Amino acid sequence: MSAPKIITVGSIALDTLETPSGKVSDALGGSSTYFALAASMFAPVHLVGVVGTDFPEAGWDLFKSRNIDVTDVQIVDGKTFRWGGRYSDDLHSRDTLFTELGVFENFQPVITEQAGQADLVFLGNIHPGLQKAVCERTPNARFIVTDTMNLWIDISRNELMDVIRKTDIFLLNDEEAIQLTGKDDLNKAADTLLAYGPSVVIIKQGRRGSLLADGQTRIRIPVVPGITVVDPTGAGDSFAGGLLGYLANHSEADLIPAVIQATAVASFTVSGLGVEGLLVATPDVVIERVKRVSSMMK
Ligand code: AMP
C-alpha cells in the first residue's frame, strides 16, 4: 500500500439543521465529512476521526462509495458527536443550538504509519490540541492546511497559535480573521496572519468570495454567480476539499486555480440541505463552475 494523497482530521457528526427552507435531524455532517466528500472527487482521502456505535450504516456506505479510507476512524462505545445549528432568515448568521461531544470527549487520533506519510494534510475544524497531534504524526507533508472556528480562538488560543505556526496554508473566515488579529481591515489582518508563520492565508468572505494572500500578492476570488443558497453548513470544509483536491493533482502549487476550484465545490454544498448539495457534484460539473469564476476574473 502506498501513502495516501490526502489525510484529514476533523469532526464526523450527526447534525440537526434549521434553515428557512427546511429542517433535518441527525443528518450526516461534520467538518471531516464535508471535506472528505469534496476532496475525494479529485484524490483519495484518508479520514482520521471517531464515531459512536450509533453511527448509521448509510454513513459508512457513503464513505465507502467514495474514495475515502476509513481505516483510522475509531468506533467507540457511546454517541457520535452531535451539533445543532439554526440560521437566520437571510442566512447571514447562525446560532449553535447544541454541541454534544459524545465519543469526541476522549478522542485521541491514531494514525497508521503509512497514512502519516501523506502528501497533503488538512486539519479540519476540531480542538487545536488534536490538530497538533495529527500535525506531529505527518512530518513529511508537502502542505499542512488548517481551518478553525471562533470557539477555538476564544478558548484555546495558545494551542491554536502552535498549530498556525506549523501551517503552510491557513483558511479562516473574515470574522475569525478579525477576531484573531484584532484588525478590521482584511489586508492588514492577512499581513498579521502571514507573520504568524503560514506562507499562504485564505480569508473566506461568504458571498463576497475570498481573499488569497501570500508574501507578495493579494488576489480576490469571486463566488459562482446565480447560486441560490439553501444551507451554508460545511461550505468552508468543502471549500478546503476543493482546494486540496486541486493541490493533490498539481505538483506546482498554483494557488489561484486551487482557490477557484475550492469556490466551485463550495457552491454545490450551499445549494442543498446538509450534504445533499455536495453529493450531486462531480468533477465535470465542478469544471463548468470553475470556468464561470475564471471568466469573471479576466
Ligand atoms: P461550518 O459550516 O464550515 O462551520 O461547518 C459545520 C460543521 O462543523 C457541522 O457539520 C458540524 O457538525 C461541525 N462542527 C460544529 N461545531 C463543531 C466543533 N465545536 N468541533 C468540531 N466540529 C464542529
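**Charged pairs across a sheet**

Author: Happy to! Arginine 86 and glutamate 18 join their side chains in a salt bridge, 2.9 Å from N to O; the term means a side-chain nitrogen of Lys or Arg within 4 Å of a carboxyl oxygen of Asp or Glu. Keep in mind that this is a predicted model, where local features need pLDDT of at least 70 and side-chain atom pairs count only at pLDDT 80 or more, while totals for chains, interfaces and linings use all residues. Residues are numbered from 1 along each chain as its sequence is written, and side-chain values use heavy atoms, leaving out hydrogens and water.

The partners come from distant parts of the chain, 68 residues apart: arginine 86 sits in strand 6 (residues 81-87) and glutamate 18 in strand 2. Strands here are DSSP runs of E with at least two residues, and helices are runs of H or I with at least four, both numbered from the N terminus. Arginine 86 is partly exposed, at a relative accessible area of 41%; buried means under 20%, exposed over 50%, and partly exposed in between, with a 1.4 Å probe and protein chains only.

Arginine 82 makes a salt bridge with aspartate 26, their closest N and O atoms lying 3.1 Å apart. Because arginine 82 belongs to strand 6 and aspartate 26 to strand 3, this pair ties together parts that are 56 residues apart in sequence. Arginine 82 is buried, with a relative accessible area of 12%, whereas aspartate 26 is partly exposed, at 39%.

Now for the sheet behind these pairs. Four strands form an open sheet in the order 3-2-6-7, and the pairing is mixed; two strands count as paired if DSSP finds at least two bridges between them. Strand 3 (22-29) and strand 7 (94-100) are at the edges with a single partner strand each, so one side of each has no neighbour in the sheet. From one strand to the next, the twist averages 15°, where axes are lines fitted to C-alpha atoms (for helices, over the stretch in contact) and angles run from 0 to 180 degrees between N-to-C directions. Strand 2 (residues 13-19) pairs with strand 3 in the antiparallel sense over six bridges, and alanine 13 stands opposite glycine 29 of strand 3.

For context, a search of the whole structure finds 10 salt bridges, among them the pair of arginine 86 and glutamate 18.
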